[in-house]
Amino acid sequence: PVRPDQGEPVRVRLAYRKLGRAAFSSHLDLVRLLPRLFRRLGLPVYYSRGFHAKPVLVFGPALSLGVASLAEYIDVKLVADGAVDFEQLPARLTEASVDGIEFFAAAELGPNDPKLSQLIHEAEYAVGLPHAALAQLGVRDAQELRALVASRLGGDLRTRRNVDGIGKWIDVGQYLRGVDVGEGGSTLAEAGIAGGLTPMRVRMQITGSGTAKVSEALEALTGVKDLPARVVRAGLFWCTDAQRGTPLELAAVRRTPNVATPENALGSDASMSDA
């Protein structure tokens, strides 16, 4: 079909939180929500040129069901000649969105800025283990939990992932970048998670070949499957040997050569096209 000329698009990076009941909505629910939200606000969204034209959206790595987040990101293309107040855009999006989805930043990207899916190398999580989970592990406090995790770090950290009845082994140790028992309590509190919890911070590498789920990391680190834990993704980051930053720190990205490479890409393009 003949499509109207939309001109040159402008790329915008949006940052949002996913808290409360929204943490129990799936990634596909979010993919459906965003286009409706943009239409509700009358934003001049740029559409793909395929037979079934769709808004051009690029998401970061999907969250597991039930995992809250303090910093998620979306790249969206808008029609360049549309009048958009980027300073007021996060508040407008939050007001029109569902409960628990809170937008807090919007930044216009330059023509040479890397796609979001090429920029994310690491995810950081805060895990809160209740007393029942500690008893299930046979430990009494953070000190004993730290000793348990340290003893398992020297062994095999593989877990089995089952998808539609088909299982495969996941080498969690390949993606694990750090574990700090006793850290992450402030992240849990910021996400509104309180109670008698023993916190633990877990950092996972994200590569072009994939990553491990935080639940798989917990299983590998404790030896127990399906622990009753509260989990918050504290952030998504790009990393070099000397630096770490968020996808919104564009000035640092532009100063750092080769911070984004296709080999590190892992994201989801909801439009099925980046044209």
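A cavity is a set of points on a 1 Å grid over the protein atoms alone where a 1.4 Å probe fits but cannot get out, and its lining residues have an atom within 4 Å of a point. Grid points are joined across faces, edges and corners, and a volume is the space filled by probe spheres set on the points. The model is predicted: local features need pLDDT of at least 70, side-chain atom pairs count only at pLDDT 80 or more, and totals for chains, interfaces and linings use all residues. Residues are numbered from 1 along each chain as its sequence is written, and side-chain values use heavy atoms, without hydrogens and water.

The whole structure contains two cavities of 30 Å³ or more.

| Cavity | Volume |
|---|---|
| Largest | about 80 Å³ |

The lining of the largest cavity includes Tyr16, His27, Phe59, Glu72 and Arg233. Strand E1 (9-18), helix H1 (27-41) and strand E3 (68-79) each give two or more residues to this lining; helices (H or I, at least four residues) and strands (E, at least two) are DSSP runs, numbered from the N terminus.

Val12, Leu14, Phe38, Leu43, Val76, Leu78 and Leu89 line the second largest cavity, with at least two residues from each of E1 and E3.

Separately, Asp226 lies in the loop between helix H6 (214-222) and strand E10 (230-239). Asp226 has a positive phi, near 60°. Its relative accessible area is 66%, so Asp226 is exposed (over 50%).

Technical notes:
1 Å grid on protein atoms, 1.4 Å probe; cavity = no way out; pocket = protein on both sides within 12 Å on 5 of 7 lines; lining within 4 Å. Buried < 20%, exposed > 50% of the residue type's maximum accessible area, 1.4 Å probe, protein only.
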